[in-house]
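Keep the sequence and the structure in view while working through them.

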Amino acid sequence: MITIGNCSGFYGDRFSAMREMLEGGRLDVLTGDYLAELTMLILGKDALKDPSTGYAKTFLRQVADCVDLALQRDVKIVSNAGGLNPAGLAAAIEALGTSAKVAYVDGDDLRGRLDSHPDALTANAYLGAFGIAHALDAGADIVVTGRVTDASVVVGPAIAHHGWKRDSYDELAGAVVAGHVIECGTQATGGNFSGFLTMSPQARARPLGFPVAEIAVDGSSIITKQDETGGTVTVDTVTAQLLYEIQGPLYLGPDVTTDLTSIRLEEVGIDRVAITGVTGTPPPATLKVAVNSLGGYRNSTEFVLTGPDIDAKAAWLRDQLDAELPIGPDYTWSTYRIPAPDSPTEEGAACILRLSARAADADAVGRALTAPAIELALASYPGFHVTAPPGRPSPFGIYKAAYVRRDRAPETVHLPDGSTYEVPAPLAYAEASATSREASRTSAEASGTSAEASRASTGVTSRPTGATSRPTGATSRRELGELVYARSGDKGGDANLGLWVPQGRPEAAVEWLLGTVTPEWVRELLPEAKDLAIDITPLPHLRGVNIVIHDLLGEGVAASTRFDPQAKGLGEWARSRFVDMPVELSPTDIVPEGHQ
């Protein structure tokens, strides 16, 4: 068994976590995930200003603080913090003057080499785990990479420890699942968890502990956390992370295709959840590439509407500005909620109306936007004021996915002795007839077929039809959250939403959820998705479903003007919506999780 901990789920996570994990218990490897689609854009902007940067500077400061402790405890450190410049990060670590042996993995950076995106700010292929494994086998104490998959920083150490081969598909798939669970840090231990009220007050009072995966030679694992840390690890906290940012029944990676329907979860102790039964098959023949381009500039102004006649005030303001704003930028007005009547506070009687604008030219959304808005301060609706002074335009990026042949992104390991090693290609590839929507799209986009045609070919996508799915039998209309937990997030311009029935609630509730959730039902639940393509993937062993709402987030988080550009609150909005449920699944029949 190998014990692998995590100390970072994003660039900006708790700085003290690396030291906490090293001091908190026995580990073989400590990993950190610092990269996201938005992070790559941030690092790309850094590199434009200073080509010697482009990596996660936070990680370098953490290593400077903790490397001696890691060496004393014989803990290897593996991270994707290298971003756009893993060589630069490795050199900066070596410049600290420690005895640590540092290796780095690159080959993912395709800037200037994609015909489809010649001017991309960043273009990074998602590499796998075998380069990391080779670096560890060669004696590296610290391994930093560019853009590998989030799970690869966990899979690589497991490969090195257990000696798995390229065709150890089930074992690799099991490690991918373990890596997916712990790579987002405390999201596996109670963070962003719908069932947070089932956690003990003590668990919520302390900083949440970061997760640990104990991975066995057969690829099975136990997810846990260190003693005396906050949070909790249960089947439901693990399920929440498993349903995060997936896009179909097959999880396509550069080393293995993981069958998410094969996952089995079991609570085997306090804060210990076993993951077993995971199966894998060969990976796809192409690599996914995350592409970020500069899209232009954006700016916004937030108006405060207070008291009675909110609709009329908003309409007057919009009429006034529509007549004054220049033609050209893309304008978006937010929606708002009418305040409750007879509010005892002024804030409770108010709401926000936001005007956002995007344009290729910064001047078009600078004073050209803010001046007409502020000039109305004494000439518009009663109570006119804004939440902040006019701001300057800020650049935004556009995210796109591309797919390339493996030979376009050779995975190269730079070892501590100065030698290099190019990771061989996989022994086999997935058949083109793979049935997942993502697999179909991967193949289709690589060959130039439209994504819409590939989605339709999988049989899991539905466009609006006007029909509405209704439960049969006697029903009552209640909040979905009385029965269901949720986790949501972004994947480019798509929103991902996982819904599941938590442990301790009746199997009849699982049957109802699996039989009820259709694209049409989702469109009724979430009216903002009424004109969008939706994929549904049942995951009965996880007691839930995965939902992908295509294009809800437009061109990705960095470009979106949506109220919640990363869809982080989408799941909780869904849980707040009223739906028809069978009366036999009344709240009094729902058994809470007693073990927590």
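Q: Which residues of helix α1 (residues 17-24) are buried?
A: This is a predicted model, and a residue in it counts as buried when its relative accessible area is under 20%. Seen down the axis of α1, the buried residues fall within an arc of 130°, so they line one face of the helix. The buried residues of helix α1 are A17, M18, M21 and L22.

Q: What covers the buried residues of α1?
A: The buried residues of α1 line one face of the helix, because they fall within an arc of 130°. The elements covering them include the strands β1 (2-6), β2 (29-32), β3 and β7 (211-215), together with the helix α3.

Q: Which residue with a positive phi follows α6?
A: Most residues other than glycine have a negative phi. The residue that follows α6 is a glycine, with a positive phi near 70°, and its name is G163.

Q: Where is D74, a residue other than glycine with a positive phi?
A: The phi of D74 is near 55°, which is a positive value in a residue other than glycine. D74 is found in the loop between α3 (57-72) and β3 (76-79).

Q: Is E245 buried or exposed?
A: E245 has its place in the loop between α9 and β9 (250-252), and its phi is positive, near 65°, although the residue is not a glycine. With a relative accessible area of 13%, which is under the 20% cut-off, E245 is buried.

Q: How are helix α7 (residues 169-182) and helix α9 (residues 235-242) oriented where their axes cross?
A: The axes of α7 and α9 come within 8 Å and cross at roughly 95°. Angles of 65 to 115 degrees count as roughly perpendicular, and therefore α7 relative to α9 is roughly perpendicular.

Q: How many nonpolar, polar and charged residues make the contact of α7 with α9?
A: On the side of α7 the contact is made by V177, H180 and V181, while V238, Q241 and L242 take part from α9. Sorted by kind, the residues of this contact are four nonpolar, two polar and no charged.

Q: What is the relative accessible area of T258?
A: T258 has its place in strand β10 (residues 257-259). Leaving aside residues up to four places away in sequence, T258 touches A173, V176, V177, P249, L250, Y251, V278 and T279. T258 is buried, and its relative accessible area is 0%.

Q: How many disulfides does a search of the whole structure find?
A: A disulfide is a covalent bond between the sulfur atoms of two cysteines, and a pair of sulfur atoms counts as one within 2.5 Å. The number found by searching the whole structure is zero. For C7, which is in no disulfide, the nearest cysteine sulfur is that of C66, 8.2 Å away. For C184, also in no disulfide, the nearest cysteine sulfur is 13 Å away and belongs to C7.

Q: Which residues does P426 touch, not counting residues up to four places away in sequence?
A: P426 lies in the loop between β20 (420-422) and α12 (437-447), and at 12% relative accessibility it counts as buried. Apart from residues up to four places away in sequence, P426 touches R166, P254, P283 and R406.

Q: Which exposed residues lie on the face of α14 turned away from its buried side?
A: In helix α14 (residues 507-516), the buried residues are A509, V510, W512, L513 and T516. They lie on the same side of α14, because they cover an arc of only 160° around the axis. Their cover includes β24 (494-500), α15 (519-525), β26 (544-549) and β27 (578-582). The face turned away from this buried side carries the exposed residues E507, E511 and G515.

Conventions. Residues numbered from 1 in each chain as written. Predicted model: local features only at pLDDT ≥ 70, side-chain atom pairs only at ≥ 80, totals over all residues. Heavy atoms only, no water. Buried < 20%, exposed > 50% of the residue type's maximum accessible area, 1.4 Å probe, protein only. Helix = DSSP H or I, 4+ residues; strand = E, 2+ residues; numbered from the N terminus. Arc of directions from axis to C-beta. Contact = heavy atoms within 4.5 Å. Axes fitted to C-alpha atoms, helices over the stretch in contact; angles between N-to-C directions. Parallel < 35°, antiparallel > 145°, perpendicular 65-115°, else oblique. Nonpolar A, V, L, I, M, F, W, Y, C, P; charged D, E, K, R; others polar.
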